[in-house]
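Student: I've got a model open and I'd like to learn how to read it. Can you walk me through a few features?

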Amino acid sequence: MRPGDGPGDGQGDGAYERAVGAVAAGLRGAGPAEAPGRLCAVAVDLLPVDGASVSLRGDSMPLRLAASGDVAARLAELQATLGDGPCHHVLRTGAPVLARDLTDAACAERWPVFAQQALGSGVRAVYALPLGSTAVCVGTLDLYSASPGGLTAHELHVALLVAGVMTVALTDLPNDARDAGEG
């Protein structure tokens, strides 16, 4: 692998370095409470998605910490309220969920209310990524797309990069900020 190549993406055009630079620029000057929201915005800028949200694992449901816009915030809250959706699967398993088309029968059967509500909001695909590891998943980064389809290997790598930086940013929050729900 050459510098600038993301692992396994086979691209030598510096796309990975540009993604790292965009994450760094998005965080520049951000305080701990601002980092999650800024990283949601960076994810939307870097990836073919229309919205992003980050939720932390709560005692009984995920707690939305930040979102890139109203639709992303509403869908994150909906998953918490329903107790179901891609985010919940990630929290249970620690594995990513890449729901490429919410109109697909498998998605409609797996998350009937969430899929219906997401489609009604103009969202056709959801990519939910764990924050942390498969052993300790502390939350999720959920990406929402108005277009059906999957992420390329490079795009998935960039999404995982943002999720990794998000995990570090969240673990660096002061305890009083995490306890007070200030982001």
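This is a predicted model: local features need pLDDT of at least 70, side-chain atom pairs count only at pLDDT 80 or more; totals for chains, interfaces and linings use all residues.

Student: Okay, in which helix does Glu 155 lie?

Tutor: Glu 155 is in helix α7, which covers residues 153-171.

Student: How do I read its surroundings? Is Glu 155 buried or exposed?

Tutor: The general idea is that buried means under 20% relative accessible area. Glu 155 is buried.

Student: Which side chain of opposite charge is nearest to Glu 155, and how far away is that side chain?

Tutor: That's Arg 100, at 9.7 Å. A salt bridge needs the charged atoms within 4 Å, and Glu 155 has no salt bridge.

Student: What does the side chain of Glu 155 reach, then?

Tutor: A backbone atom: the nitrogen of Thr 152, at 2.8 Å. If you skip residues up to four places away in sequence, Glu 155 also touches Leu 47, Pro 48 and Gly 150.

Student: What else is Asp 142 in contact with, leaving aside neighbours within four places in sequence?

Tutor: Among them are Gly 51, Gln 79, Cys 87 and Tyr 127. Ala 128 is in that set too, and Ala 128 stands opposite Asp 142 in the strand pairing.

Student: So how do I read strand pairing?

Tutor: Two strands pair if DSSP finds at least two bridges between them. Here β4 and β5 pair in the antiparallel sense over eight bridges. Strand β3, residues 97-99, also runs antiparallel to β4, with three bridges joining them. In that pairing, Leu 98 has Tyr 127 as its bridge partner in β4.

Student: How many of the eight residues of β4 are buried?

Tutor: Seven, which makes β4, residues 125-132, mostly covered.

Student: Last one: how many disulfides are there?

Tutor: The test is a pair of cysteine sulfur atoms within 2.5 Å, and the count comes to zero.

Student: And why do Cys 40 and Cys 107 count as buried?

Tutor: Cys 40 counts as buried because its relative accessibility is 0%. Cys 107 counts as buried because its relative accessibility is 9%, and the cut-off is under 20%.

Definitions and conventions: Residues are numbered from 1 along each chain as its sequence is written. Side-chain values use heavy atoms; hydrogens and water are left out. Helices (H or I, at least four residues) and strands (E, at least two) are DSSP runs, numbered from the N terminus. Buried means under 20% relative accessible area, exposed over 50%, partly exposed in between (1.4 Å probe, protein chains only). Lys and Arg count as positive and Asp and Glu as negative; His and the chain ends are not counted. A polar contact is a pair of N or O atoms within 3.5 Å; within protein, one must be able to donate a hydrogen and the other to accept it, and residues adjacent in sequence count only if both atoms are side-chain atoms. Contact means heavy atoms within 4.5 Å.
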